[in-house]
Amino acid sequence: SINLSNPEWTPFWVNYKMLKKVIKEIQDPTVRPLTVIKSDANKNNTETNNNSSRNSSNSSIPPPINEGSKGPVTPKAPSMIGHSPGEVTFFKLLRAELNKSCTFFDRAIVEFDIRHSRIKSAMSYCSKPGSVMVQDRWSQLAKALYRFYKDLLMLENYAIMTFCAFSKILKKHDKNTGFKTRGAFMTNIVATSNFADYPSVTQMISSTRSLYSSVALKLEVEGAGDLHRDERLFIDMISKLNRQASDINEEETADIRQ
């Protein structure tokens, strides 16, 4: 998806690798290395006895648990999250990624609204006899609609994949740390974000399809072709990708509700 989208969007995808790395570095806040404390009564012991005692004590100290390691993880109370620096860091970064995604999507919708209005105005001008100088005005408009429609589908893909990224990284977090945060965070925060529900984008996609159908009829009357084969294949590929991603999101949502 990242490779297919506009290169300008690259920094605004969820930094999944960074969040995954933070999860691996989180230590279990309930496990702390113990300190061997010498009592006054042991001050006069020989060095050999001190070493033996120290080694014996240290051997009983369990090593800190790496939450990214394999094996069962004991469930933990949500109140313990604030006591773990690693958890605090993870959720600060997660919030920052969410804000980045929401800001990008808001600005993208504004930009697409402007493009949509411009294309509708172009359609209106092209429909007036003698208002456009170029002879192939419908072919040019068809190209503009194709580019706009392709970008709309990629914006929809961004929304779907971003939602999926937050769900998956929280699922990984809970599996590795023992906390149960995914359901609440996805339901109360991510699901209320602008990329989780985007009626304006859906409306523009529908409108662009309708506009293109009208232009295709004009091209047919003039005996001109519409989209080239490779353009159709690209549109079909993105549409299929979005359907598959939507199916994954539905599975993720169903899993959250369980």
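**Aromatic rings and their surroundings**

One aromatic cluster is formed by Trp9, Phe12, Trp13, Phe104, Phe105, Tyr158 and Tyr198. The coordinates come from a predicted model. Counted over ring pairs, the total is eleven aromatic pairs. One of these is the pair of Phe112 and Phe148, with ring centres 5.8 Å apart and 35° between the planes, and it is classed as tilted. This pair connects distant parts of the chain, with Phe112 in helix H3, Phe148 in helix H4 and 36 residues from one to the other. Phe112 and Phe148 are both buried.

The ring of Phe112 also has a charged neighbour. The charged end of Arg115 sits over this ring, at 5.3 Å from its centre. Arg115 counts as buried because its relative accessibility is 18%, and the cut-off is under 20%. Arg115 also forms a salt bridge with Asp151, in which the closest N and O atoms are 3.0 Å apart. Here too the partners are in distant parts of the chain: Arg115 belongs to helix H3 and Asp151 to helix H4, 36 residues apart.

The whole structure has two salt bridges. Side chains of opposite charge can pair when their charged atoms come close. Glu97 and Lys100 are both in helix H3 (residues 85-126), three residues apart, which means that about one helical turn separates them. An α-helix has 3.6 residues a turn, so residues three or four places apart point the same way. Glu97 itself is buried, at 9% relative accessible area.

Helix H4 covers residues 137-177 and has 41 residues; at 1.5 Å a residue it should span 60 Å, and its end C-alpha atoms are 60 Å apart, so the two values agree. After H4 comes Gly178, with a positive phi near 90°. Within H4 lies Cys164, which counts as buried because its relative accessibility is 6%. In space, the C-alpha atoms of Cys164 and Ala196 are 9.7 Å apart, while 32 residues separate the two in sequence.

Helix H5 (residues 182-188) contains Arg182. Arg182 is buried, with 8% relative accessible area, and its side chain makes a polar contact of 3.1 Å with the side chain of Ser167. The side chain of Thr187 reaches the backbone oxygen of Gly183 at 2.8 Å.

Ile81 is in the loop between helix H2 (47-59) and H3, and it is buried, with a relative accessible area of 16%. Ile81 and Thr181 are 100 residues apart along the chain, yet 9.9 Å separates their C-alpha atoms.

Helix H1 (residues 16-25) has Leu19, Val22 and Ile23 among its residues, and these three are buried. Viewed down the axis of H1, the buried residues fall within an arc of 100°, so they line one face of this helix. On the face turned away from that buried side are Lys17, Lys21 and Glu25, which are exposed.

For context, the protein chain has seven helices and zero strands, and the order of its elements from the N terminus is α-α-α-α-α-α-α. The chain has 258 residues, of which 36% count as buried. Phe112 and Phe148 are both buried, as are Arg115 and Glu97.

Technical notes. Residues are numbered from 1 along each chain as its sequence is written. This is a predicted model: local features need pLDDT of at least 70, side-chain atom pairs count only at pLDDT 80 or more; totals for chains, interfaces and linings use all residues. Side-chain values use heavy atoms; hydrogens and water are left out. Helices (H or I, at least four residues) and strands (E, at least two) are DSSP runs, numbered from the N terminus. Buried means under 20% relative accessible area, exposed over 50%, partly exposed in between (1.4 Å probe, protein chains only). A polar contact is a pair of N or O atoms within 3.5 Å; within protein, one must be able to donate a hydrogen and the other to accept it, and residues adjacent in sequence count only if both atoms are side-chain atoms. The expected span of a helix is 1.5 Å times one less than its number of residues. A salt bridge is a side-chain nitrogen of Lys or Arg within 4 Å of a carboxyl oxygen of Asp or Glu. Rings of Phe, Tyr and Trp (its six-membered ring) pair if their centres lie within 6.5 Å; planes under 30 degrees apart count as stacked, over 60 as edge-to-face and the rest as tilted. A charge sits over a ring if NZ of Lys or CZ of Arg is within 6 Å of the ring centre and within 35 degrees of the ring normal. The arc is that of the directions from the helix axis to the C-beta atoms.
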